[in-house]
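Please look through the sequence and the model shown below before reading on. The report that follows takes up the interface, then each chain, and then the question of confidence.

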Amino acid sequence: MTDHDPIEALLKATGRRPAVPADRTDRVRDAARAEWKRQLAAGSRRRRVRWTVSLAAAAVVVFGVGLGMRSLRPSVAQGLSGIHVERVTNAAWARHGSLPLFRSKSPLRVGSVISWDSEITTGDDARVALRAPTGHSVRLDTGTTLRVVSDSVFALERGAIYVDFHHRSALRETSIQIVTPMGTIEDAGTQFEARLNAGSLSIEVREGSVTLLAPAERSVAHAGQTLRIDPSGRIVRTEDAGAGGGWTWAEAIAPMFEIDGRSLLEFLDWMTRERGVRLEFLDTGLAEKASTIVLKGSIAGMTLDQATTSVLSTCGVMHRREPGVLVVGTERQGPPSR
Amino acid sequence: MSSLDRELVQRMLSGDDRAFTEFFDGYFPGLFRFALARVGRNEDAAEEVVQATLCAAIAKLQTFRGEAALFTWLCTFCRHEVSAFYRRTGRNHAAVALVEDDPEVAAALESLAAASDSGPEAAMRRDETARLVHLLLDRLPPRYAAALEWKYIEGLSVAEIAARFDLTAKATESMLTRAREAFREGFSILTRGSATGERI
């Protein structure tokens with residue numbers, strides 16, 4: 001732009017907007033943040049009271065309203081969200097609706113669409129795998145409560161969540177945020193677990209990195225690292241992510257890969273990612289051929305181990321597991337030796 | 001903008017700390033300047049008014065529906081707090097007259113034509129014009145205002161602005177175009193009927 005540009009000339013003539021003195025900014029920010037925290041805590045209490053009141057009220061009116069209520073009951077398929085349920089084990093529920101009397105829970109099924117502002121709860125033996133429109137796989141462990149704020153913002157209230165963002169499978173590249181009482185977690189194309197336990201939060205990063213935006217500080221954790229935030233807000237970083245077998249539950253609820261029409265290489269890519277291991281070919285011939293071998297059928301209902309054995313044996317491919325590696329080779333070479 | 005404002009508010013209601021920071025950093029400075037102009041340039045009073053404004057607005061966040069821009073919504077709280085301030089202090093609120101509250105804004109903007117004039121009257125007019133431009137920037141989406149200041153006052157390149165926003169150069173160019181349009185439209189409305197006929 002030149003000085004003949006009237007917008008540039010006007011802005012130059014008037015200069016920057018005067019800044020607010022830092023001490024005043026800090027004082028007002030502290031006061032506003034305190035009020036915000038107070039309102040959040042009050043809102044949480046109000047929700048609990050509303051739920052209690054709604055239970056009592058429902059007990060009174062249930063006979064009067066009878067089965068007619070069923071037609072008014074909100075469905076988990078309502079709303080504008082693009083978040084789908086991909087897999088469920090045992091009983092998990094979604095609650096939706098702001099009016100206490102009409103706030104009820106609906107069982108989650110594969111294919112259900114979760115409404116914004118829904119609260120998903122898994123029981124002591126239930127797990128759920130969701131798919132966000134951003135391409136993220138979001139998995140809930142047993143005993144978890146998660147609120148869906150929007151397509152890319154989730155609030156973890158208890159339990160554990162596992163997030164997997166695979167660039168190659170993503171519909172569009174964007175991050176998601178997991179809001180917790182200890183801070184907000186933002187992913188950067190990654191696999192990680194966040195777990196709330198007795199007022200503390202732990203974040204274990206399997207791949208990529210995540211950012212924790214806590215009230216006191218901003219921390220970044222990379223693959224292999226764990227961030228632990230205690231109730232006082234103190235953050236401790238260690239290099240032991242996954243050491244306690246933290247990924248096992250997430251693998252158990254992994255949405256099964258639909259193999260029909262997909263290549264062997266795609267299957268191996270998915271499998272090794274779910275397992276968090278590297279793929280190694282014993283011979284270059286198989287490495288070149290893997291992308292041209294087209295799979296048929298389905299592995300629905302299998303475990304990851306069963307699926308691996310089933311698919312690879314069908315393709316005449318032998319395999320063995322080594323620490324951090326899945327080794328594959330063509331069958332004519334004989335079983336890979338240890 | 002409403003959907004972005006609604007999303008920001010939703011994220012705040014869910015307890016997202018980053019959303020609070022975005023909200024505060026995006027709107028506090030503009031609100032402070034808004035209040036400062038209405039409390040006789042008394043910074044202590046402006047701080048008190050804005051603190052009360054933000055606390056009141058945060059307590060009512062769940063009522064924000066996005067029919068108006070978030071800054072406009074916050075300004076309604078601020079006006080109320082300014083009135084409360086004058087009631088508490090016993091000062092005469094009516095004595096505070098603001099050009100943007102008056103449909104005849106042309107006189108203040110004549111200072112553009114008189115920019116080379118010297119003397120206290122011309123200086124006062126220039127100050128008033130600057131205040132209106134700053135007011136207009138405060139009314140734009142925070143990113144638009146920041147982009148315009150960085151580009152035209154600080155002289156940053158598109159690449160440097162893109163880096164600050166973590167956007168591509170193409171997206172930044174597009175945002176600058178929208179920001180210029182928004183500024184041009186706002187300024188035209190502000191100066192409609194101006195005796196100087198100044199248009200940008």
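How many residues of chain A are in contact with chain B, and how many residues of chain B do they meet? In this predicted model, 37 residues of chain A are in contact with 38 residues of chain B.

## The side of chain A that touches chain B

Several elements of chain A each supply at least two residues of the side that touches chain B, namely the helices α1 (6-14) and α2 (22-65) together with the strands β9 (153-164), β10 (177-180) and β11 (183-187). Of these, α2(A) gives the largest share, with 12 residues. Sorted by class, the side of chain A that touches chain B has 19 nonpolar, 8 polar and 10 charged residues.

## A helix pair across the two chains

One pairing between the chains can be described in detail: α1(A) packs with helix α7 (residues 142-153) of chain B at an angle of about 90°, and the axes of the two helices are 9 Å apart. Because angles of 65 to 115 degrees count as roughly perpendicular, that is how α1(A) and α7(B) are described relative to each other. On the α1(A) side the contact is made by Ile7(A), Glu8(A), Leu11(A) and Lys12(A), while α7(B) contributes Leu148(B), Glu149(B), Tyr152(B) and Ile153(B). By class, this contact has 5 nonpolar, no polar and 3 charged residues.

## Chain B

Chain B has 9 helices and 0 strands, and of its 200 residues, 40% are buried. Among its contacts between residues at least 6 apart in sequence, 58% join residues at least 24 apart.

Within this chain, the axes of helix α2 (residues 17-36) and helix α4 (residues 70-89) of chain B come within 10 Å and cross at roughly 40°, which makes α2(B) oblique to α4(B). The crossing of α2(B) and α4(B) is right-handed. From α2(B), the residues making the contact are Tyr27(B), Gly30(B), Leu31(B), Phe34(B) and Ala35(B), and from α4(B) they are Leu70(B), Phe71(B), Leu74(B), Cys75(B), Cys78(B) and Val82(B). By class, the contact of α2(B) with α4(B) has 10 nonpolar, 1 polar and no charged residues.

## Chain A

Chain A has 7 helices and 20 strands, and buried residues account for 30% of its 338 residues. Among contacts in chain A between residues at least 6 apart in sequence, 53% join residues at least 24 apart.

## Confidence in chain A

The pLDDT of chain A averages 79, and 81% of the residues score at least 70. Confidence in chain A is highest in strand β7 (residues 137-140), at a mean of 94, and lowest in helix α3 (residues 69-72), at a mean of 38.

Over residues 60-79 of chain A the pLDDT is below 50, and beyond near neighbours in sequence this stretch has 22 contacts in the model. Where pLDDT is low, the predicted coordinates should not be read in detail.

Key: Residues are numbered from 1 along each chain as its sequence is written. Chains are lettered from A and ligands numbered from 1 in the order in which they are written. This is a predicted model: local features need pLDDT of at least 70, side-chain atom pairs count only at pLDDT 80 or more; totals for chains, interfaces and linings use all residues. Axes are lines fitted to C-alpha atoms, for helices over the stretch in contact, and angles run from 0 to 180 degrees between N-to-C directions. Helices (H or I, at least four residues) and strands (E, at least two) are DSSP runs, numbered from the N terminus. Angles under 35 degrees count as roughly parallel, over 145 as roughly antiparallel, 65 to 115 as roughly perpendicular and the rest as oblique. A crossing is left-handed if the near helix is turned anticlockwise from the far one by less than a right angle, and right-handed if clockwise. Two residues are in contact if their C-beta atoms, placed from the backbone, lie within 7 Å. Ala, Val, Leu, Ile, Met, Phe, Trp, Tyr, Cys and Pro count as nonpolar, Asp, Glu, Lys and Arg as charged, and the others, Gly among them, as polar. pLDDT is the predictor's confidence in each residue, from 0 to 100. A residue is buried if 20 or more other C-beta atoms lie within 10 Å of its own, exposed if 12 or fewer, and partly exposed in between; C-beta atoms are placed from the backbone.
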